[in-house]
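Trainee: I am new to this structure and would be grateful for a close look at its aromatic ring pairs. Please take me through them in one connected account.

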Amino acid sequence: MMTTGKFSRASFIALAILSIFSSLVADAQLPASMTFINSSALQGANRMNDEFVNVGAFKVKGNSYVLKGANKSDIYTNLGFAADMPLVYDANTQTVSVLQEDHSKVVDIKLDQLDSFSVKLTNDDIAVVSAPAFFVNASRYEPSKKYYLQRLTNGSKFNLYKLYKTELRPAALDLAQTSLREFEITPEYYYMDMSTRKEFVRIRKEGTLKKDFKDNAAALQALSVDAKTELKYVRFFDALNK
């Protein structure tokens, strides 16, 4: 799924900046593959901070970023490959953005322009995003799935993926304000049969895996071990891929 052309970090930033100014020029003739979305609010550093935002009828405290820009990321787009880009990933809007050199502005990348990205995690991020931190554009496989999935296993038979979803819950800081909410990021897990590559299958519970793969004793043994759900799923699909 990755493109192989490589272009420099400076060229990538230059194209992103050019796309912002092109929106102000009515006769700009940029190829469609070179046009980035103008951020709806180029607020710079404010987008990286915890703040109140409006979501429907609710005022929401905090943010829904899975990644906030401190990480260096390798990005594969329709334009080619860019290395070590400061990347922002918002689970609520499923938006991926890159920061400009001085981090004063962000530029959003359209879903149909981004193939995948690989994140070099810092120690602080491992608690939120598990390694390896490689994300794929799910819509490249299924057009109806307008989100990114983290690939947890890369096997010859099956791949395991993780979706970062956001839910709104009452804000712990002031339960008296019924309209105040907080973002909570919750995981969903999917797998794909790599022999067909037709669809992502959501794992709703362990019992479904036990039923669908009842003839693989080694994989079923991995599910019986006392461990966190994600670790059990990784071990399960590792066993299937042997």
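Mentor: Ring pairs join Tyr89, Phe117, Phe135, Tyr148 and Tyr164 into a cluster. Rings of Phe, Tyr and Trp (its six-membered ring) pair if their centres lie within 6.5 Å; planes under 30 degrees apart count as stacked, over 60 as edge-to-face and the rest as tilted. This is a predicted model, in which local features need pLDDT of at least 70 and side-chain atom pairs count only at pLDDT 80 or more, while totals for chains, interfaces and linings use all residues. Residues are numbered from 1 along each chain as its sequence is written, and side-chain values use heavy atoms, with hydrogens and water left out.

Across the whole structure, a search finds 18 aromatic pairs. In one of them, the ring centres of tyrosine 141 and phenylalanine 200 are 5.5 Å apart and the planes stand at 80°, so this pair is edge-to-face. It links distant parts of the chain, 59 residues apart: tyrosine 141 lies in the loop between strand E8 (134-137) and strand E9 (148-154), and phenylalanine 200 in the loop between strand E11 (180-193) and strand E12 (201-203). Strands (E, at least two residues) and helices (H or I, at least four) are DSSP runs, numbered from the N terminus. Phenylalanine 200 has a relative accessible area of 6% and is buried; buried means under 20%, exposed over 50% and partly exposed in between, with a 1.4 Å probe and protein chains only.

Phenylalanine 158 and phenylalanine 213 also form an edge-to-face pair, because their centres are 5.3 Å apart and their planes at 85°. Phenylalanine 158 is buried at 13%, and phenylalanine 213 also counts as buried, at 13% relative accessibility.
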